[in-house]
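User: I would like to learn how to read the surroundings of a ligand and the backbone angles of a model. Please take me through one case.

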Amino acid sequence: MKNDHTGSPLVLQIKGLTSHYGRIQALHGIDLEVRQGQLVALVGANGAGKTTLLRAISGVQPVSGGSIHFRGEDVTRASADRRVRAGICQVPEGRQVFGPMSVEDNLRLGAYTRPKGEVEADMERMFALFPVLKEKRLLLAGTLSGGQQQMLAMARALMGRPSALLLDEPSMGLAPLLIAEIFRIVAGLRDQGITIFLVEQNAHAALSIADVGYVIETGAITLSGPGPELLRNERVQSAYLGM
Ligand SMILES: Nc1ncnc2c1ncn2[C@@H]1O[C@H](COP(=O)(O)OP(=O)(O)OP(=O)(O)O)[C@@H](O)[C@H]1O
């Protein structure tokens, strides 16, 4: 394990969470924890329930049972906006930056919950974390490469100073070299103290940088443990790593 966070406060705590699409049950009693400063990865195949779980955490997917706490606050039935204000911010799958707006304006949008006077200083912090965004600050976001748009989507989320960042498949649609760079950046954000919950189909890349990993299969957690330990697990290797 990269860091021992067992004594750190809980940022996200999920207990017995269930969710349905009509009569189809997509989540079967999920238990999961993210502690302050941790990088926690949830890996699983297509259709395992990763996006459903993230959407339930963000408050845009109905929950049929169980509970979700952010920093001790029960948000199981709270609105999505309330959850953002409670400190959880999701970077959606497929990046979804505002293409016709400049990089700077995209970042300002991410700061909508923040006091106006602090936004410019936070933007400079983002430019220090993501120097390529500084270079391109006046360009339209739609002109950035896929990897740069992923960085902008992460920076935009961080502009709200969330207590945890939820990343939905940041490697999706990126070339292998860019995937490696994005994961280096995600690990770097963790090293700066940012709490991250990373959801990925790319189990190898995600577990390689994770402090703690969870494996989800057909809506249930089937394995969990330190990221590097899961990487060495035989079941994970045969099911997700093609070994
Ligand atoms: N709108 C929907 N209506 C009915 N069933 C759905 C809906 N969305 C997802 N499901 C089902 O819920 C289960 C979990 O899907 P989910 O999208 O959460 O998986 P995932 O692990 O995120 O997959 P992916 O990697 O493709 O995003 C799947 O069986 C899927 O078919």
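Analyst: By class, the shell around the ligand holds four nonpolar, seven polar and one charged residues. Nonpolar means Ala, Val, Leu, Ile, Met, Phe, Trp, Tyr, Cys and Pro; charged means Asp, Glu, Lys and Arg; the others, Gly among them, are polar. This is a predicted model, in which local features need pLDDT of at least 70 and side-chain atom pairs count only at pLDDT 80 or more, while totals for chains, interfaces and linings use all residues. Residues are numbered from 1 along each chain as its sequence is written.

User: Which residues are around the ligand?

Analyst: A residue is near a molecule if its C-beta atom, placed from the backbone, lies within 6 Å of it. Here they are Tyr21, Ile24, Ala26, Gly44, Asn46, Gly47, Ala48, Gly49, Lys50, Thr51, Thr52 and Gln201. Strand 2 (24-35) and helix 1 (50-58) are the elements that give two or more residues to this shell.

User: What counts as a helix or a strand, and which element gives the largest share of the shell?

Analyst: Both are DSSP runs numbered from the N terminus: helices are H or I with at least four residues, strands E with at least two. The largest share, three residues, comes from helix 1.

User: Where does Arg161 lie, and is Arg161 buried or partly exposed?

Analyst: A residue is buried if 20 or more other C-beta atoms lie within 10 Å of its own, exposed if 12 or fewer, and partly exposed in between. Arg161 lies in the loop between helix 6 (146-158) and strand 7 (164-168). With 16 other C-beta atoms within 10 Å, Arg161 is partly exposed. Its phi is positive, about 45 degrees, although Arg161 is not a glycine.

User: What is phi of Glu169?

Analyst: Glu169, also not a glycine, has a positive phi near 50 degrees. Glu169 sits in the loop between strand 7 and helix 7 (176-191), and is buried because 21 other C-beta atoms lie within 10 Å.
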